[in-house]
Structures are given as structure tokens and as C-alpha cells.
Amino acid sequence: MSADGSVADLLSRHVRDVPDFPTPGVVFKDIAPLLADGPAFAAVIADLADRYRGRVDAVVGIEARGFVLAAPVAVALGVGFVPVRKAGKLPGPVWGAEYDLEYGSATIEVQQDAFGSGRRVLVLDDVLATGGTAEATCELVERAGAEVVEVAVLMELSFLRGRDRLPGRTLHPLLTI
Ligand code: AMP
């Protein structure tokens, strides 16, 4: 695990490993202790906002924990927040993208008029695991006419090689495990 910067160190100390959740064999990265610590949560949001200030016109959050991160970053930057949600949650018209899970598949959606053309977008989520969710989200952002500036995550689970599904994109993990 690399924890060279102070934000990476904060994450190491405030994210809890929950073995065998939600299914046996998975180590769930629980960000609840981070969210519950006001100064730590604020420091993570400020670090992300500093990196993207002046560089993006909107922040996309992926349901559900991505919302909790993307909305305060958007407010700090003075730009809009756009939700990417599981199928059937957003009123249409929407664009949808299907992606593979370990067993089966899932579909996520974004509203077609969420951005406007040429808008520069940050995609933000808590964890990059196999990369399917982030890949599908980037596809949706581009189908809606916007440009993905970067994909940022609190934690990249590098052993799952999710970044291989984001060729040509810049991935910014605050902590790599
Ligand atoms: P993936 O599409 O495999 O990269 O999975 C990423 C999505 O699933 C993110 O929205 C995460 O919130 C969630 N996720 C996957 N693996 C974990 C994990 N070990 N701990 C917490 N969340 C995870």
C-alpha cells in the first residue's frame, strides 16, 4: 500500500476494511468513518477541489457513495453536480450503459441533457475495483456530449487492474492499494 501524501495517509487511517462484505471473499472499503470525521472529510474534499479548480465545468458522482463525494467537490468548485444512477432511477430521456459484474451485469444511466456540449467533466467515485463502473460512466458522459477530464477515486484496488479498462484516460487515485 502506498500512503506517501497526507491525504493518502488520512484515507489509510479513516477507511475501514470489512472482510467478506457484501459477499464472501470481498474486502469492502468502508468510507463511513471518513465521512463521520468532519476535518478528515473536509480535507479530502479540499484536496480534490484544489486539483480540479478551473479545470472542470461539472462533477459526476456515481451512485451512491460517489454522490457524497462529488456534490461537495462541485460546490467547492462552483460548478454543477450530475448524478449517474442505476437503471430506472432517473426520469428520461436517459442514456444507458451496461457493464459486467463478477456475476451478471448492471446498467447505469445519465440524463441526456445533463451537460451541454463541450463541457469538461470530472468523474468521481469512492473505489475503483474492476473498472467496469468507471468505464461505463465515461462512455455515458461522452455520449451526452461532454469530455471526461479525469477519473478520480479515493482508492484504487490496483490488484484488480481496473485502470486497464480506462485506456487513454487519466486516473487519479488518492490512495493506491
Ligand atoms: P468496479 O466497477 O468493479 O470498479 O466497482 C466499483 C464500484 O463498486 C464503486 O462504485 C464502488 O463503490 C464499488 N466497490 C467495488 N469494490 C468495492 C470494495 N472492495 N469496497 C467498496 N466499494 C467497492
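**First stop: two helix pairs**

The crossing of helix H1 and helix H3 is left-handed (the near helix is turned anticlockwise from the far one by less than a right angle; clockwise would be right-handed). Before you click on, know that this is a predicted model, where local features need pLDDT of at least 70 and side-chain atom pairs count only at pLDDT 80 or more, while totals for chains, interfaces and linings use all residues. Residues are numbered from 1 along each chain as its sequence is written, and side-chain values use heavy atoms, with hydrogens and water left out.

Select residues 6-14 for H1 and 38-52 for H3. Helices here are DSSP runs of H or I with at least four residues, strands are runs of E with at least two, and both are numbered from the N terminus. H1 and H3 pack at an angle of about 140 degrees, and their axes are 10 Å apart. Axes are lines fitted to C-alpha atoms, for helices over the stretch in contact, and angles run from 0 to 180 degrees between N-to-C directions. H1 and H3 are therefore oblique to each other (under 35 degrees would be roughly parallel, over 145 roughly antiparallel, 65 to 115 roughly perpendicular, and the rest is oblique).

Now show side chains: Val7, Leu10, Leu11 and His14 in H1 meet Ala40, Ala43, Val44 and Asp47 in H3, where contact means heavy atoms within 4.5 Å. That contact has six nonpolar, one polar and one charged residues. Ala, Val, Leu, Ile, Met, Phe, Trp, Tyr, Cys and Pro count as nonpolar, Asp, Glu, Lys and Arg as charged, and the others, Gly among them, as polar.

The axes of H3 and H4 come within 9 Å and cross at roughly 55 degrees, which makes H3 oblique to H4. This crossing is right-handed. From H3, Phe41, Ile45, Leu48, Ala49 and Tyr52 meet Val68, Leu69, Pro72, Val73, Ala76 and Leu77 of H4. Which classes turn up in the contact of H3 with H4? Eleven residues are nonpolar, with no polar and no charged ones.

**Second stop: the loops**

Go to the loop between strand E1 (16-19) and E2, where you'll find Pro22. The peptide bond from Phe21 to Pro22 is cis, with omega near 0 degrees. Asp20 is in the loop between E1 and E2 too, and its phi is near 60 degrees, a positive value in a residue other than glycine.

Next, pick Pro93, in the loop between strand E4 (80-86) and E5. The bond from Gly92 to Pro93 is cis, again with omega near 0 degrees.

**Last stop: the largest pocket**

Select Arg65, Leu101, Ala129, Thr130 and Thr133, the closest to the centre of the largest pocket among its 36 lining residues. A pocket is an open set of 1 Å grid points where a 1.4 Å probe fits, with protein on both sides within 12 Å along at least five of seven lines; lining residues have an atom within 4 Å of a point.
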